[in-house]
Every structure is written in C-alpha cells, then in structure tokens.
Amino acid sequence: MTEKIGNEMYDLMKRLYPICRSITGDGVRQTLKIIKKLIPIEIKEVPTGKKVFDWTIPKEWNIKDAYIKDLKGKKIVDFKKSNLHVLNYSKPINKKMNLIELKKHLFTLPEHPDWIPYLTSYYKENWGFCITQKQFEKLKEDTYEVFIDSELKDGHLTYGEYLIKGKSKDEVLISTYLCHPSLCNDNLSGVVLTTFLAKYLKNKKLNFSYRFLFIPETIGAITWLNINEKNLSKIKHGLVVTCVGDSGNLTYKKTRRGNAEIDKIVEKILFESENQFTICDFFPSGSDERQYCSAGFNLPVGSLMRTPYGRFPEYHTSADDLKFVKPKYLADTYEKYIEIFNILENNGTYLNQNPKCEPQLGKRGLYRMIGAQKTQEKNDAFVSELAMLWVLNMSDGKNSLLDIAIKSNLSFKEIKIAADALLKNKLLR
Ligand SMILES: [Zn+2]
C-alpha cells in the first residue's frame, strides 16, 4: 500500500521538477494548480507592497529564458537546460561584456565541479548565473552576450491553503514550502508528501481539523501568520515538512516549547520504529518553524524530516535531483506521519471508574490465561492484560493514553485497544 503511494508521490515530484519556482510568480501558481488536481486547495494571492510584520511582500518575479552566448553565437549556459543556472530573482539583462565583467556575476561550487549551485537574491536586486566549476574553467577571454528575460514588477505572493474540517475546531497545522526551482529533497519531497497526507485525511472522519499550507519559505510563513494572527490559538499541534525523501534516518526537530504533545508523539513513534533516528532540540535556523516558533507566537510546531537541510552535500545544488530522492524513503516518512495522525486522533485522558484496588477483570471476560499472552501478541484484537493494568492504574484524569504508552513502554496501539475494552466494560470514563 505505502509502496504504491511512494511511487505516486515520486510521479508527482517528476511532474513538478521542471517548473522554475521562486517565492513569487507563475512557477508557484503552476505548482499549486497541479496540486489542486489532487486536493481542493484554495489558491490565495497577497499583493506586492503589503506590510507583513517587519517585512514587505516583494515584487513578483517571472522568467522566460536566459543564456550566455559566446562570440560565435553558441549558448554556453542555458536556462532551458537547468533553471538553477539563473540566480533566482535575477533582474533582466541584455548586454555584451568581457570575461572580467561577466565573472562578477558567476557562481560556482569548486568542491563539486559537476554541480550547479542554487542561489537566490530576493531582497537585493542583482543578476547572475550559477554554473558548474567545469563550465567556469572553460571560459576564455571573449565577448559574451548575456541575456536574462525576466520580469520584476508589482504583482502577488501566491500560496495554497487547505482546511479539512474535523469534529473539533482545534487544528493541526501541516506546513511546507514550494519556492525552490528544480530541487527534490529540499523542497519537492515536502510538497508531494504534504499533498498525499492531505489526500489521505480528506475523506476521513476526524476529531481535529487539519490545515495544510503550501507557501514560499520565510516570507510565506510570515505573511500567513500576519493574515491569520487572530486564529492562531486554534493551532494545537503542528509540523513543518521538509527534506523527507532521502536515504538518511529520520530526524525530529522539537518545538520551541520542547514538551508539546506533538514532541511526545513523534518521539514515541521514533522509539517504537526499528530504524535509527535523531531527535534534536529547537534551534532558530532552518525552515518555517522559525516563524511559527518565534518568541511572539511560540506555536507547538516541530519538524519531522530525514537528513536535515544543510547536512547533506547535495543540499542547494543540482545534485539534489530525482536520483537523490527515492519512492521508498518518501513512503517511509509518509507512514510515520500517518502514525502521528493516528495518535493525535486517538489520544485521550480517562478516569478509572474502579480506582480502589484493581477491578476483577475475570468476571468481565477481560482476563485471559497468562500463558496465552505471548502467542497472541501479534494479534491486533488481543487485549493485553498488562496494558489494561497500566491504563487502569494511570487513568486518574491526569495521564493521557500517550503518557501511559510512554511510561509503560508498550505501543500506543496496545494501550488504545486496552482502553477501548475497559471503556466498553464501563471501567473507564
Ligand atoms: Zn532550501
């Protein structure tokens, strides 16, 4: 099942890969339009010049073409071959120049001579080309024709938002960014995973409401927080989805609070999994959790990723491509997010209705032969006696099922099955 979803996520990534995205512009719109075919997101536009806290929505950037030609008219750098070749947000230029002048606007990655670096200049008007070190070394004294057919003008910042309503108005925020051009793990992996998580929850009966955001990183989160400041108290749990498709182990970056329910849930799931993982405290660099967890909001938003941004050499280079991300890793991360939703939806705090000594489980048919316990362990329907004892003992109105699962070292599922059996027998309320 998840193998199929892994392939579907990967196919969506292949479709989105060629699009030249940025923090504004048609690349974002095109991306959202494709996502909209899978989940009914609302596409929102915020005008250039709008003040959002200490920031201002920038001019909208669009690009059609760009190249560098040598004197013979041969294209030696071509945007159509890779959109990473253009410094993202480059202003237009159409000029002949010598090599010395051109070099001031060329960027390379000498330590990886075959890779194109990904660079941006959103808030300082500039132009430039990102090329491989090998391309750079081939450049001779010559006159070059430099052409960038881009446009920087008043327009909009575009983002996508999708709310799945549950029984409660309390919300779970799932946020990802969609501002990088052809880059897979750092960017598209988050976009496709978030899309498929929304698709999974779309037709489910849910307790929580789930809000999905597809925004340009930083400025998008700041804009969204600014527009929705009055509704932020609804957000009870949140996760930023980034770098979720590489072969590395899972990494959980905790919320700024450090002890939010979402922190406990993700930690429990990672401890239960058979793979290695890393858990780290919040730090103020990274993705949009920086804004959600800024001092003035301090929302309970963490980030579950695989290898974090900046910690893999392919990060922000042309090597973060379709080969770097694999369907099976997307599927593995997807499974973990689904497990998180499962705990969120099923967690609860109960009160033991027979707290003075243990209730007699046998007369209620809840007590099985102890010898049978081991052999029946794998059976989902089996109610573990130990789990029942834990739930009964800890259900004093203060401990949630998750707390009990953590304390007992039993799986959340086992604790939940025990609690359901006890509820059915009116031993819990
Ligand atoms: Zn990035």
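**Salt bridges and their surroundings**

Arg 306 counts as buried, with a relative accessibility of 5% (buried is under 20% relative accessible area, exposed over 50%, partly exposed in between, for a 1.4 Å probe and protein chains only). Before going on, please keep in mind that this is a predicted model, in which local features need pLDDT of at least 70 and side-chain atom pairs count only at pLDDT 80 or more, while totals for chains, interfaces and linings use all residues. Residues are numbered from 1 along each chain as its sequence is written, and side-chain values use heavy atoms, without hydrogens or water.

What does Arg 306 pair with? Its side chain meets that of Asp 332 in a salt bridge, 2.9 Å from N to O (a side-chain nitrogen of Lys or Arg within 4 Å of a carboxyl oxygen of Asp or Glu). Because Asp 332 belongs to helix H9 (residues 327-346) and Arg 306 to the loop between strand E16 (301-305) and H9, the pair ties together parts 26 residues apart in sequence (helices, H or I, of at least four residues and strands, E, of at least two are DSSP runs, numbered from the N terminus). Asp 332 is buried as well, at a relative accessible area of 17%.

The zinc ion has His 180 (NE2), Asp 186 (OD) and His 316 (NE2) as its protein donors, 2.0 to 2.1 Å away (donors are N, O and S atoms within 2.8 Å of the metal, or 3.2 Å for Na, K and Ca; water is not among the atoms, so sites may look incomplete). Along the sequence, the spacing of these donor residues reads H-x5-D-x129-H. Asp 186 sits in helix H5 (residues 184-201) and His 316 in the loop between E16 and H9, so that distant parts of the chain, 130 residues apart, are linked by this pair. Asp 186 is buried, with a relative accessibility of 2%, whereas His 316 is partly exposed at 22%.

Back to the charged pairs: how many salt bridges are there under this rule? The count comes to 22. One of the pairs brings Lys 264 and Asp 403 together at 2.8 Å, N to O. Here too distant parts of the chain are linked, as Lys 264 lies in helix H7 (residues 261-272) and Asp 403 in helix H12 (residues 401-408), 139 residues apart. Lys 264 is partly exposed, with a relative accessible area of 30%, while Asp 403 is buried at 17% relative accessibility.

Another salt bridge joins the side chains of Lys 236 and Asp 170, with an N to O distance of 4.0 Å. Since Lys 236 lies in strand E13 (residues 235-240) and Asp 170 in the loop between strand E10 (156-164) and strand E11 (171-177), this pair ties together parts that are 66 residues apart in sequence. Lys 236 is partly exposed, at a relative accessible area of 35%, and Asp 170 is also partly exposed, at 29%.

E4 and E5 are joined by three bridges and run antiparallel, with Ile 68 opposite Val 77 in E5.

Two loop residues deserve a glance on the way out. Phe 53 is not a glycine, yet it has a positive phi of about 50 degrees. Phe 53 lies in the loop between strand E2 (51-52) and strand E3 (55-56), and counts as partly exposed at 37% relative accessibility. Cys 357, likewise not a glycine, has a positive phi of about 65 degrees. Cys 357 is found in the loop between strand E17 (349-351) and helix H10 (372-376), and counts as exposed, with a relative accessibility of 66%.

Definitions and conventions
Pairing = 2+ DSSP bridges.
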